[in-house]
Amino acid sequence: MHFQDWLQSLRSSAGLKASESQDFWSLLPSCSLSSASLLGLGALASLTAYWLVTRPRPMRPPCDLQAQSVAVNGDPSCRRSALLKDDTLLEFYYDDTRTVFDMFQRGLRIAGPCLGFRQPGQPYQWISYTEVAERAQVLGSGLLAKGCQPNPQQFVGIFAQNRPEWIISELACYTFSMAVVPLYDTLGLEAMVHILNLAEISLVICDREEKAAALLENKEKGVTPKLSCLVLFNEFSEAFVERAKNCETEVLKLEQLMKCPQVPTNKLSLWHCHNAVFIYPGKPKGAMITHGNIASNTSSVIKILEVCLLFHLLVSMFCHGARVGFYQGDISLLMDDIKTLKPTFFPVVPRLLNRIYDKILGSVTSPLRRALLHYAVRRKQAELSSGVVRNNSLWDKLVFNRIQASLGGNLRFALTASAPISPTVLSFLRATLGCLIFEGYGQTECTAGCTFSMPGDWSAGHVGAPLPCAKVKLIDIPDMNYFAKNGDGEICISGPSVFRGYLRDPERTAEALDSDGWLHSGDVGQWLPNGTLRIIDRKKHIFKLSQGEYIAPEKIENVYTRCVPVLQVFVHGDSLQSFLIGIVVPDPEVFVDWAKERGFMGSYEELCQNPDLKKAVLEDMTAVGKEAGLKSFEQVKGVYLHPETFSIANGLLTPTLKSRRVDIRRVFQEQISSMYSKTAI
């Protein structure tokens, strides 16, 4: 049947007069449509409707992405989050969640799994919120029985690796308004003694006898007189108990402490109760972080993410009962554990993201596959630029599925902080991993973060806008030619997330906090036109070259670590010299192959001694530095390739993985002197 005949029959069956449809009839085409054509039109209409319903939609940003922060009192150098209605900063998200104890209580109402642990090859075993709460209550009662008092100045030391008992011990202290001082086995004798005495710690909770023995050795020498009780998670020998008795120190198993009679919870002063987090480099100083600091910082992240689906994930994590699994095995197998656990949230340092980036590019050797990878990345980055983040596109299924599966395939949210990350790496991984990757900036003294990426803004090269708990301002640094009126200067932070000061150290507290309560970070920042902050330099560790140029070595080191063959680098300069030199640790995982591609053969150690390869590494570093905008005097003119990584164990890194610059300079003094004597400019 012709299409017009079919319409005519419809008109007749509907009883319509010819005059009523004459105008419409004149508009119809004279051609006829077959049944196949009609089916094709119907299929096209169906596909169009399906696409309209299922097409990827951009994430709705919580504010105008071109104005992510607002000037405070009309001063463009001082800014706060655009998410706030006025200049009043955010202290807490929920009225009943003002402390870490309160956060746990919200999770307790759900009473699901809380803490998990596993051995290699074994499934996770979970402890419920109810059981964790009961253990914390009993353990806290035991701490009271041993003389620990509900006092913001009463510190309990915890000297153990991450495990469920660590969290239970911490919660026990919070339940009774005690404060926690974390201790690390990488601190060294001098730092450990300083911390125990400064915080006047009498009771330390340990995991193993070996760690408790190290503390007992200090007591035997008479250098930690306050220490009187050691509580261990694991079994210990009778000989150790006798040894402790000889220096008037009691040794208990954790279960023994939990047999004491229970007493009512005391958290009246918990809002102002503070932990002392000791930070480096140099002589350890205890940053006093209150529960109010933690509540405001956590609440600010939730405030930013409440507009997207991750809001429910974050609220669940911090306030509604998330579960945390602790890995207790060979750290080299951790990535296999991540793949098995299928995490939804992945906090990660830039160094690991750089490794993932290098591994992805290094695994694609075929020119055709490499071209396909880069094309797929560009297509996904085009979606990102329009605000679309997903892992179910055609490119995800064809190209990126194995990459995403290596991290469990369930990743929805990643957070990178603690060090700068290359914009190239960040943009690449946002495309390939198909999840939201946020970047934050801050320091221990402001309870982790003071700026954070805004949902919907997937551009790179900045650290986001101020969190709702913080005001951020820039101040002049005349010696480095940075001035706030030009939009750059030293970053200063104010707000409820800023710490109270350094424990019993008013001199260094006054150096960090000015009379108005502003925390001086030592970092140099720049406000971008959209209200986000870019880190451009470092005020500390600066020095002058002989020609008068100021050098910020950490900024240069961050650039050079983007080089494929470079794992670690230390940039050194001398005020009597006109140029810089560097100590470079090549990446053992890629250096041999990188050298082979350039015609150099040999073992890792042999390649580090090859002068021609050293020249090739220097050329690669110079090219990366030039691309990053380093000036000529900021480029190193000579390098020494060192085959051993800087580490905590060899004393060249702090426990927070920052370079011990004085120690590195001392260890490599011979090589530094040699480079200055042999390098010709």
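A salt bridge is defined here as a side-chain nitrogen of Lys or Arg within 4 Å of a carboxyl oxygen of Asp or Glu. By this rule, 22 salt bridges are counted in the structure. The structure is a predicted model, in which local features need pLDDT of at least 70 and side-chain atom pairs count only at pLDDT 80 or more, while totals for chains, interfaces and linings use all residues. Residues are numbered from 1 along each chain as its sequence is written, and side-chain values use heavy atoms, with hydrogens and water left out.

Side chains of opposite charge can pair when their charged atoms come close. One of the salt bridges joins the side chains of Arg98 and Asp95, with an N to O distance of 3.0 Å. Arg98 counts as partly exposed because its relative accessibility is 32%, whereas Asp95, at 59%, counts as exposed. A further salt bridge is formed by the side chains of Arg106 and Asp96 (2.8 Å, N to O). This pair links distant parts of the chain, with Arg106 in helix α4 (residues 100-108) and Asp96 in the loop between β2 (75-81) and α4, 10 residues apart. Helices (H or I, at least four residues) and strands (E, at least two) are DSSP runs, numbered from the N terminus. With a relative accessibility of 9%, Arg106 counts as buried, while Asp96 is partly exposed at 34%.

The side chains of Lys380 and Asp396 also meet in a salt bridge, at 2.9 Å from N to O. Here the linked parts of the chain are helix α15 (residues 367-385), which holds Lys380, and helix α16 (residues 394-405), which holds Asp396; the two residues are 16 apart. Both Lys380 and Asp396 are buried. Salt bridges that share partners join Asp96, Arg106 and Arg109 into one network.

Strands of a sheet pair through backbone hydrogen bonds, either parallel or antiparallel. Two strands are taken to pair if DSSP finds at least two bridges between them. An open sheet is formed by five strands in the order β6-β5-β7-β8-β9, with parallel pairing. Its edge strands, β6 (179-182) and β9 (250-253), each pair on one side only. Strand β8 (residues 229-232) runs parallel to β9 and is joined to it by four bridges; Val231 has Leu252 in β9 as its bridge partner.

The loop between β5 (155-159) and α6 (164-175) contains Asn162. This residue counts as exposed because its relative accessibility is 57%. Asn162 and Phe326 are separated by 164 residues in sequence, yet their C-alpha atoms are 6.8 Å apart in space.

Five bridges connect β20 to the antiparallel strand β19 (residues 488-494), and Gly489 stands opposite Gly525 in β20. Strand β21 (residues 533-538) likewise pairs with β20 in the antiparallel sense over five bridges, with Val524 opposite Asp537 in β21. β20 and β21 form a hairpin with five residues between them, and Gly531 in the turn has a positive phi of about 90°.

His462 lies in the loop between β16 (448-452) and β17 (465-466). It counts as buried because its relative accessibility is 7%. A polar contact is a pair of N or O atoms within 3.5 Å; within protein, one must be able to donate a hydrogen and the other to accept it, and residues adjacent in sequence count only if both atoms are side-chain atoms. Such a contact, of 3.1 Å, joins the side chains of His462 and Ser459.

A nonpolar core is a set of buried Ala, Val, Leu, Ile, Met, Phe, Trp, Tyr and Cys residues joined through side-chain atoms within 4.5 Å. The largest nonpolar core has 63 residues, of which Leu373, Leu429 and Phe499 touch the most other members. Helix α17 (residues 423-433) gives the most to this core, contributing six residues. A second, separate core of 43 residues includes Leu545, Ile551, Leu567 and Phe668.

Methods
Buried means under 20% relative accessible area, exposed over 50%, partly exposed in between (1.4 Å probe, protein chains only).
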